Amino acid sequence: MIELLTADTPNGKKISIMLEEIKFDYKITKINIFKDEQFKPEFKKLSPFGKIPVIIDHENKISLFESGAILIYLGEKSDKFYNKENRTIINQWLMGQMSYVGPMLGQHHQFHHYNPGKSEFGEKRYFKISERIYKELDERLSQSKFLAGENYTIADIATFPWIARHEWHDIGLKDFGNLSRWYEEVSNRAAVKKGYDLFKQGDQIPAI
């Protein structure tokens, strides 16, 4: 049994999607980040930076924080979506999501979606960076079916929930043909649909 401690965010959805894809039994413990539950001492014992998600693998008696590390762990444990022969390339695209795609789109969310009008500099800066991310992903996906090559991997699982907030970005996903093709293909996976609806509230993946 895997216990997933999380909130309903792109980083949280990465792990629920992965768990659905590998068909592991899991239960969810909700962490209310709007009430700062992630900073409680008992949670920080599991996640020193006070960030979700965290998993507890009760079989192996181990807990992990950081969504990229969790995806790698689950990929190794299940031997799925983390092919040994392709791990160098998978790791590059996974780390790119962790260090660039997620943080920059996250800042765009803060300035453009949550706090418009409060910082013209912030809004313009992160809009331009986010637009560039769309272009760079589109260019990559003009060269390969998925981010790390011809096979669907944890790099795609990590990136997808961030692009699934495209309605917040106001960049125009439909204007990026290769990225749209990838988004549609990943969206249509049954496990992605199920994992996206993290708390079973009927959440549906936004259409292009």
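In this predicted model, the charged end of Arg-125 sits over the ring of Tyr-126, 5.3 Å from the ring centre (the criterion being NZ of Lys or CZ of Arg within 6 Å of the ring centre and within 35 degrees of the ring normal). As the model is predicted, local features need pLDDT of at least 70 and side-chain atom pairs count only at pLDDT 80 or more, while totals for chains, interfaces and linings use all residues. Residues are numbered from 1 along each chain as its sequence is written, and side-chain values use heavy atoms, with hydrogens and water left out.

Turning to ring pairs, rings of Phe, Tyr and Trp (its six-membered ring) pair if their centres lie within 6.5 Å; planes under 30 degrees apart count as stacked, over 60 as edge-to-face and the rest as tilted. By this rule there are 8 aromatic pairs. Helices here are DSSP runs (H or I, at least four residues), numbered from the N terminus. Tyr-134 and Phe-176 are both buried, that is, under 20% relative accessible area (1.4 Å probe, protein chains only).

Phe-160 and Tyr-183, by contrast, are stacked, at 5.1 Å centre to centre and 25° between the planes. Phe-160 lies in helix H6 (residues 154–163) and Tyr-183 in helix H8, so their pairing ties together parts 23 residues apart in sequence. Phe-160 and Tyr-183 are likewise buried. Finally, Phe-81, Phe-146 and Tyr-152 are joined into a cluster by ring pairs.

Key:
Buried means under 20% relative accessible area, exposed over 50%, partly exposed in between (1.4 Å probe, protein chains only). Helices (H or I, at least four residues) and strands (E, at least two) are DSSP runs, numbered from the N terminus.
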